[in-house]
Amino acid sequence: MSFSTHVLDAVSGRPAAGVGVRLEHEGRVLARGSTDDDGRIKGWDTEEGVHRVVFDTGAYLADTFYPEVVIAFTVTDPGAHHHVPLLLSPYAYSTYRGS
């Protein structure tokens, strides 16, 4: 199983580079890193069950209402890829199950 994410800055209309991200499963940190110049992280391993991806939005956006964004999702198919994008602005965010 693999995980990827893509963070887009809705204010600038550009990828959000340098956003700190960590992937958790059952209280354990599976991986941590920062988005690349294209706002992406890819190739992290997952396990079956509920995961949390935590974005350090406060370090990226100095004046934000959301200091971090936490998205919980469930991995049920061991062979599937899970892509969880984040569209970010200082006072709103949105996500969906990507491909």
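Entry 1. In this predicted model, I looked up the side chain of T5 and found that it reaches the backbone oxygen of V84 at 2.5 Å. I placed T5 in strand 1, which covers residues 2-9, and I noted a relative accessible area of 1%, so T5 counts as buried, the cut-off being under 20%. Leaving out residues up to four places away in sequence, I listed what T5 touches: G39, R40, I41, F55, H83, V84 and P85.

Entry 2. I then turned to strand 3 (residues 20-25), which runs antiparallel to strand 4 (residues 28-34) and is joined to strand 4 by 6 bridges. The two strands form a hairpin with 2 residues between them, and in the turn I noted that E26 has a positive phi of about 50 degrees. Strand 3 also runs antiparallel to strand 6 (residues 49-56), again with 6 bridges.

Entry 3. I looked up the aromatic pairs, of which the structure holds 4. One of them is the stacked pair of F3 and F73, at 5.7 Å centre to centre with 15 degrees between the planes. Because F3 lies in strand 1 and F73 in strand 7 (residues 69-75), this pair ties together parts that are 70 residues apart in sequence. Both F3 and F73 are buried. F65 and Y66 form an edge-to-face pair, at 5.1 Å centre to centre and 85 degrees between the planes; F65 is exposed at 58% relative accessible area, whereas Y66, at 26%, counts as partly exposed. I also noted that ring pairs link F3, W44 and F73 into a cluster.

Terms used:
Residues are numbered from 1 along each chain as its sequence is written. This is a predicted model: local features need pLDDT of at least 70, side-chain atom pairs count only at pLDDT 80 or more; totals for chains, interfaces and linings use all residues. Side-chain values use heavy atoms; hydrogens and water are left out. Helices (H or I, at least four residues) and strands (E, at least two) are DSSP runs, numbered from the N terminus. Buried means under 20% relative accessible area, exposed over 50%, partly exposed in between (1.4 Å probe, protein chains only). A polar contact is a pair of N or O atoms within 3.5 Å; within protein, one must be able to donate a hydrogen and the other to accept it, and residues adjacent in sequence count only if both atoms are side-chain atoms. Contact means heavy atoms within 4.5 Å. Two strands pair if DSSP finds at least two bridges between them. Rings of Phe, Tyr and Trp (its six-membered ring) pair if their centres lie within 6.5 Å; planes under 30 degrees apart count as stacked, over 60 as edge-to-face and the rest as tilted.
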